[in-house]
Amino acid sequence: MVNLRNRDFLSLKDFKKEELETLLELGLEMKRGLDHKEYLSKKTLGLLFSVPSTRTRISFQVAARQLGAHAEYFSNTSLQLANKESIRDTASVMSRYLDAIIVRWYDMRDYGMGRRTLEKLAEYADCPVINALDDKDHPCQVLADLMTLKEVYGESYKEKKIVFTWGYAERKKSPGVTHSLLTAAAQLGMNLRIAHPKGFELDEEYTSFASQAVKSSGGTIEYCHDLEEALEGADVVYAKTWGSLTLPVEEENRLKLDIRDEWCVTKERFKLANEGAYFMNCLPIIRGDEATADVIDSKQSLIYEESENRLHIQKAILTSLL
Ligand code: CP
């Protein structure tokens with residue numbers, strides 16, 4: 001019996017395989033219509049975001065509404081945090097009013113600060129704190145992605161070769177999706193190949209966790225530094241940028257421009273994957289960065305399914321925690 005009541009939801013590392021499986025199944029049930037009940041009637045949720053969002057913000061607000069709850073959005077600059085009120089006082093006070101706090105917080109110029117902030121919020125809030133993307137994880141996105149794969153392939157999604165590749169973006173983005181997918185794939189026994197240029201290695205906290213977890217789950221985790229080599233035999237190609245955790249900013253920016261073209265999933269490169277392969281990206285994406293428009297907008301692209309499934313999986317997360 002899986003019981004997630006009152007837990008914080010910061011990283012998929014904190015959840016067991018059976019708990020992840022239960023959430024995925026509940027997300028699918030929500031999509032099939034279980035959501036017709038107002039499970040969270042009279043609950044009030046707060047969204048506290050320090051960086052912009054389209055999907056996460058709207059899908060949590062709509063999920064709350066459809067479950068009978070109310071969700072209020074706060075940017076950090078609109079609260080007394082902007083006048084240096086502490087995270088401790090903010091968390092303590094918010095949790096006197098709210099039944100859950102959904103937080104997006106990071107600044108890639110200071111890797112780790114986002115997670116420390118979420119942990120502090122969780123320490124002082126008496127209600128669940130849900131990670132809506134920090135500098136280490138994006139657990140809600142990755143559960144939506146796995147739910148999408150489960151819809152497409154059924155239980156055999158675990159046998160498919162998922163290639164997750166780094167791509168160019170001007171902005172230095174969080175490696176949260178990559179870390180959360182690595183974590184989940186290792187726990188669930190999936191076959192994941194991560195491709196990235198040298199200099200864009202993942203946090204050792206996550207690679208170590210995954211190499212341990214995969215031993216008991218029966219999956220495979222591979223790393224590769226050549227996009228074309230990585231694409232061979234892929235059933236799914238997920239292209240996503242993330243910022244370097246080690247390179248100085250100027251060096252990272254120079255390198256990114258140098259390698260931009262060789263790390264873009266073009267139509268020609270996509271043909272190296274298996275016939276009928278799917279393309280994934282969590283959005284936002286700029287066409288021509290991680291992939292070209294003819295791949296992103298092709299019939300094989302699952303980008304809008306992934307976005308829609310944010311709504312359903314977050315209903316599963318909210319009802320389980322609350
Ligand atoms: N994928 C995702 O988290 O999108 P937003 O940044 O728009 O919320």
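**Ligand site and helix packing in a predicted model**

User: Which residues surround the ligand?

Analyst: In this predicted model, the ligand is surrounded by S53, T54, R55, T56, R104, H138, Q141, C282, L283 and R310. Residues are numbered from 1 along each chain as its sequence is written. Local features need pLDDT of at least 70, side-chain atom pairs count only at pLDDT 80 or more, totals for chains, interfaces and linings use all residues, and side-chain values use heavy atoms, with hydrogens and water left out.

User: How far is an oxygen atom of the ligand from the side chain of T56?

Analyst: An oxygen atom of the ligand lies 2.6 Å from an N or O atom in the T56 side chain. For the side chain of H138, the distance from a ligand oxygen atom to an N or O atom is 2.8 Å.

User: And which polar backbone atom is 2.8 Å from a nitrogen atom of the ligand?

Analyst: That polar backbone atom belongs to L283.

User: Changing topic: at what angle do helix 2 and helix 12 cross?

Analyst: Helix 2 (residues 55-66) and helix 12 (residues 303-321) cross at roughly 50 degrees, and their axes come within 9 Å. Helices are DSSP runs (H or I, at least four residues) numbered from the N terminus. Axes are lines fitted to C-alpha atoms over the stretch in contact, with angles from 0 to 180 degrees between N-to-C directions.

User: What about helix 6 and helix 7: what is the angle?

Analyst: Helix 6 (residues 176-188) and helix 7 (residues 204-217) pack at about 20 degrees, with axes 7 Å apart. They are therefore roughly parallel to each other.

User: And how far apart are the axes of helix 1 and helix 5?

Analyst: The axes of helix 1 (residues 17-32) and helix 5 (residues 139-153) are 10 Å apart, at an angle of about 70 degrees. That makes helix 1 roughly perpendicular to helix 5.

Conventions. Helices (H or I, at least four residues) and strands (E, at least two) are DSSP runs, numbered from the N terminus. Angles under 35 degrees count as roughly parallel, over 145 as roughly antiparallel, 65 to 115 as roughly perpendicular and the rest as oblique. A residue is near a molecule or strand if one of its heavy atoms lies within 4 Å of it. A polar contact is a pair of N or O atoms within 3.5 Å; within protein, one must be able to donate a hydrogen and the other to accept it, and residues adjacent in sequence count only if both atoms are side-chain atoms.
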